[in-house]
Amino acid sequence: MSENKQEVHPDTITDVEAVIDTEEELIKECEEMWKDMEDCQNKLSLIGTETLTNADAQLSLLIMQMKCLTAELGQWKKRKPEIIPLNEDVLLTLGKEEFQKLRCDLEMVLSTIQSKNEKLKEDLEREQQWLDEQQQILDTLNVLNSDVENQVVTLTESRIFNELTTKIRGIKEFKEKLLLTLGAFLDNHFPLPEASTPKKRKNIQDSNAQLITLNEILEMLINRMFDVPHDPYVKIRDSFWPPYIELLLRYGIALRHPEDPSQIRLEAFHQ
Amino acid sequence: MSVLRSMDKLPDLNRATVLLVSTEDALLQQLAESMLKDDCASELRVHLANSLPLPSNVNRPRIDLIVFVINLHSKYSLQKVEEFLQHVDSSFFLGKVCFLVTGAGQESHCSVHQNTVIKLAHTYRSPLLLCDLQVESFRAAMARRLVRILQICAGHVPGVSALNLMSLLRSPENPPSKEL
């Protein structure tokens with residue numbers, strides 16, 4: 001039992017000594033560096049003070065910068081990588097610090113990526129909602145479009161048909177109205193000679209034929225004109241009352257045949 | 001009265017000191033508060049000055065960075081900064097001086113043309129930072145940036161020196177014909 005205790009004690013003492021040695025080494029290194037800095041400081045304090053004016057500032061500064069950069073370059077070239085003392089405690093401490101730093105960095109990256117994911121999810125929800133709304137709008141517009149198409153088709157067909165029918169009916173009525181008016185005009189102003197003076201009665205008694213109205217004469221001329229266009233002449237008959245024939249010829253409504261005075265035709269008003 | 005020197009004292013352990021110089025005390029105060037709010041591994045010290053040279057009887061720490069703040073709305077501000085530059089040692093201009101210009105956002109109020117401060121920064125081979133210190137968010141961003149620059153100037157970032165940083169920050173050289 002006493003031997004075991006003695007064995008444990010020397011090991012503990014050895015560990016403590018090792019730690020103390022490491023710290024002393026580090027302190028010595030720091031003190032050496034500090035002495036170097038003090039030496040440099042003493043040298044620098046001997047250099048005189050120099051101020052700049054606007055005139056020569058650039059030139060002086062450029063020269064100084066060139067010197068400094070040259071010196072730095074020399075230092076970098078001369079520099080050799082310092083080897084960390086291969087001491088277990090030092091390496092352990094450095095390793096701990098490195099892992100601690102790595103852990104912090106990874107935690108930061110994790111939180112960043114998580115927040116980015118949340119933002120992407122929110123964006124996705126928003127886009128999905130927007131898509132749904134657009135789909136609803138599209139459906140509504142499609143329904144409206146089909147309704148409008150049906151109405152347009154029906155409206156167009158029925159409207160055109162109604163319009164044409166109305167026009168045709170109007171034209172027919174107008175035609176009938178014109179014919180009636182013209183007929184009435186002729187009856188009023190160009191009556192048959194039967195109801196006139198006794199002289200005309202004598203003429204009627206003399207002739208055997210029965211006279212026809214001016215309306216009928218014009219009708220015969222018009223029908224001849226359109227039914228037989230290559231020979232539109234009508235032979236003068238006894239049923240034509242001579243004053244009416246003279247009337248038509250005088251006013252240019254009818255023309256006499258150039259060779260046969262017993263034939264007349266209607267003026268070609270339609271050509 | 002003494003000229004500011006960049007290497008006149010030994011550096012304090014893990015400490016960074018910045019000197020903000022301007023005639024605009026209110027802007028400096030706000031900027032200093034923003035810088036102190038920022039998280040910084042080093043112990044941060046912010047000193048304010050409304051004129052140079054500084055009184056010599058006061059014991060002050062080693063200054064790692066000088067920021068000259070120029071307000072474009074005030075010609076007086078620019079004139080004073082130009083005077084202050086005469087009282088700074090030339091070694092400071094090896095990456096430990098920068099110019100911070102404010103007020104460029106409201107051109108109708110500018111009495112100093114932007115090209116003037118650009119030429120000034122170019123003459124002294126130092127970077128020019130533009131920021132509207134009246135806006136809190138802009139001021140906070142600029143404070144963060146200045147703290148980062150300060151850490152590099154104080155030597156707390158391994159592998160990067162102040163002169164390297166300023167070389168990277170500077171814009172491409174203007175054609176000499178334009179300057180002449």
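Chain A has an average pLDDT of 77, and 81% of its residues score at least 70. Within chain A, the highest confidence belongs to helix α3, with a mean of 85, while helix α4 (residues 198-206) has the lowest, with a mean of 50. Where pLDDT is low, the predicted coordinates should not be read in detail.

Chain B comes next, starting with its overall layout. Six helices and five strands make up its secondary structure elements, and they follow the pattern β-α-β-β-α-β-α-β-α-α-α along the sequence. Of the 180 residues in chain B, 47% count as buried.

Seven of its seven residues are buried, so the strand is largely enclosed by the rest of the structure. The cover extends to both faces: B:L65, B:V67, B:V69 and B:N71 are buried on one side, and B:I66, B:F68 and B:I70 are buried on the other. Strand β3 of chain B also has parallel partners. Strand β1 (residues 15-21) of chain B runs parallel to it and is joined to it by four bridges, with B:F68 as the bridge partner of B:V21. Strand β4 (residues 97-102) of chain B is likewise parallel to β3(B), here through six bridges, and in this pairing B:I70 stands opposite B:V101. Between β3(B) and β4(B) the chain passes through α2(B), giving a β-α-β crossover that is right-handed.

Over all chains, the count of aromatic pairs is two. One of them is formed by B:F68 and B:F99, which are stacked, with 5.8 Å from centre to centre and 25° between the planes. This pair links distant parts of the chain, as B:F68 lies in strand β3 and B:F99 in strand β4 of chain B, 31 residues apart. Both B:F68 and B:F99 are buried. B:F68 therefore takes part in the stacked pair and belongs to a strand in which seven of seven residues are buried.

Chain A contributes a sheet of another kind. Its three strands form an open sheet in the order β1-β3-β2, with antiparallel pairing. β1 (234-235) and β2 (254-256) of chain A stand at the edges; each has a single partner strand, so one side of each is left without a neighbour in the sheet. Two bridges pair β1(A) with strand β3 (residues 263-266) of chain A in the antiparallel sense, and A:Q263 in β3(A) is the bridge partner of A:K235.

Charged side chains complete the picture. Side chains of opposite charge can pair when their charged atoms come close. The whole structure holds five salt bridges over all chains. In chain B, B:E83 and B:K80 form one of them, at 3.4 Å from N to O. These two residues are three apart in helix α2 (residues 75-84) of chain B, and are therefore separated by about one helical turn. B:E83 is partly exposed, with a relative accessible area of 42%, and B:K80 is partly exposed at 22%.

In chain A, salt bridges that share partners join A:K119, A:D123 and A:R126 into one network. A:D123 meets A:K119 at 3.8 Å from N to O, and A:D123 meets A:R126 at 3.2 Å. A:D123 and A:K119 are four residues apart in helix α3 (residues 88-189) of chain A, which means that about one helical turn separates them. A:D123 and A:R126 lie in that helix too, three residues apart, about one turn. A:D123 is partly exposed at 23% relative accessibility, whereas A:K119 is exposed at 52%.

Methods: Residues are numbered from 1 along each chain as its sequence is written. Chains are lettered from A and ligands numbered from 1 in the order in which they are written. This is a predicted model: local features need pLDDT of at least 70, side-chain atom pairs count only at pLDDT 80 or more; totals for chains, interfaces and linings use all residues. Side-chain values use heavy atoms; hydrogens and water are left out. A salt bridge is a side-chain nitrogen of Lys or Arg within 4 Å of a carboxyl oxygen of Asp or Glu. Buried means under 20% relative accessible area, exposed over 50%, partly exposed in between (1.4 Å probe, protein chains only). pLDDT is the predictor's confidence in each residue, from 0 to 100. Two strands pair if DSSP finds at least two bridges between them. A crossover is right-handed if, with the strands pointing away from the viewer, the path from the first strand over the helix to the second runs clockwise. Rings of Phe, Tyr and Trp (its six-membered ring) pair if their centres lie within 6.5 Å; planes under 30 degrees apart count as stacked, over 60 as edge-to-face and the rest as tilted.
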